[in-house]
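Colleague: I would like to learn how to read a protein model slowly and with care. Could we go through one together, taking a general idea each time and then the case at hand?

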Amino acid sequence: MTKGNIKKQIIIDATIELISERGVAGTSLAHISQKVGISKGTLYYYYSSKNDLIFEITQAHMDGLTDSLFAIIRENKGKVSWQEMLKKLFNTVIKSETRTRLHIYLIQEIISGNSKLKAHFSETYKKWFELLKEAYNLITDKNDDMEIQARIFVAAIDGFIIQHIIGADEIPIDEVVENLSVIIGE
């Protein structure tokens, strides 16, 4: 990793921490430069705008979530049932406190009108739908159309993230997966 890449990663890590504490709107370039210990001018050397920095963080966040999903599928392919894989998937996603907060703040930024982030999230969600359909086909012999089920699973992940952040009761993942299995006929 080059010195410039190391500095960019330090900036990204500091920004993620600040966004997790303050939200996107409450995090300024001045906050970021102060946290990293660099001038705003130096920060501009790496990122020409806050939106460029937020987009790179979004890219890394969505890629990280996608990599986590792929890892769960690869590690468990042929070893566990579809239900067990879903339990691992749901538990992995909601246990990352920083990642879950960041996910919600980025969605909030999209709701506020950031079309560049919206397009990126949309593309990543399409990848997730395909990934879940592929995983289902690898784990089971059924050739059901998984389009709707994949959307339900992704919606459940987003919902679990929200419930986790607001401090709702412990999410009964086992019972949720059992009910989802009934819905999709597993």
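Colleague: Within what distance do the axes of H1 and H6 come, and at what angle do they cross?

Modeller: Helices (H or I, at least four residues) and strands (E, at least two) are DSSP runs, numbered from the N terminus, and axes are lines fitted to C-alpha atoms, for helices over the stretch in contact, with angles that run from 0 to 180 degrees between N-to-C directions. In this predicted model, the axes of H1 and H6 come within 9 Å and cross at roughly 70 degrees. Angles under 35 degrees count as roughly parallel, over 145 as roughly antiparallel, 65 to 115 as roughly perpendicular and the rest as oblique, and H1 and H6 are therefore roughly perpendicular to each other.

Colleague: Before we go on, what should I keep in mind about a predicted model?

Modeller: Residues are numbered from 1 along each chain as its sequence is written, and side-chain values use heavy atoms, with hydrogens and water left out. Since this is a predicted model, local features need pLDDT of at least 70 and side-chain atom pairs count only at pLDDT 80 or more, while totals for chains, interfaces and linings use all residues. The pLDDT is the predictor's confidence in each residue, from 0 to 100; for the protein chain its mean is 81, and 91% of the residues reach 70 or more.

Colleague: How many helices and how many strands does the protein chain have?

Modeller: The secondary structure comes to nine helices and zero strands. Along its principal axes, the C-alpha trace spans about 55 × 35 × 25 Å.

Colleague: Which residues of H1 and H6 meet each other?

Modeller: Contact means heavy atoms within 4.5 Å. On the H1 side there are Ile-16, Ile-19, Ser-20 and Glu-21, and they meet Thr-98, Arg-101, Leu-102 and Tyr-105 in H6.

Colleague: Is Ser-20 buried or exposed?

Modeller: Buried means under 20% relative accessible area, exposed over 50%, and partly exposed in between (1.4 Å probe, protein chains only). Ser-20 has 12% relative accessibility and so counts as buried. Thr-15, which is also found in helix H1 (residues 3-22), counts as buried at 1%, and, apart from neighbours within four places in sequence, Thr-15 is in contact with Ile-32, Leu-53 and Ile-57. Of the 186 residues of the protein chain, 41% count as buried.

Colleague: Why should the 15 residues of helix H6 span 21 Å?

Modeller: The expected span of a helix is 1.5 Å times one less than its number of residues. Helix H6 (residues 97-111) has 15 residues and should therefore span 21 Å, which agrees with its end C-alpha atoms being 21 Å apart. The 14 residues of helix H5 (residues 82-95) should span 20 Å, and the end C-alpha atoms of H5 are 20 Å apart, which agrees. The buried residues of H6 include Thr-100, His-103 and Glu-109, and those of H5 include Trp-82, Lys-87 and Phe-90.

Colleague: What follows H6?

Modeller: H6 is followed by Gly-113, whose phi is positive, near 115 degrees. Gly-113 lies in the loop between H6 and H7 and, at 57% relative accessibility, counts as exposed.

Colleague: How is a pair of aromatic rings described?

Modeller: A pair of aromatic rings is described by the distance of the centres and the angle of the planes. Rings of Phe, Tyr and Trp (its six-membered ring) pair if their centres lie within 6.5 Å; planes under 30 degrees apart count as stacked, over 60 as edge-to-face and the rest as tilted. The structure holds five aromatic pairs. One of them joins Tyr-45 and Tyr-46, edge-to-face, at 5.0 Å centre to centre and 85 degrees between the planes, and Tyr-45 is exposed, with a relative accessible area of 67%. Tyr-125 and Phe-129 also form an edge-to-face pair, with 6.5 Å centre to centre and 80 degrees between the planes.

Colleague: By how much of a helical turn are Tyr-125 and Phe-129 separated?

Modeller: Tyr-125 and Phe-129 are separated by about one helical turn, because they are four residues apart in helix H7 (residues 115-139). Tyr-125 is buried at 15% relative accessible area, and Phe-129 is buried at 8%. Ring pairs link Phe-121, Tyr-125, Trp-128 and Phe-129 into a cluster.
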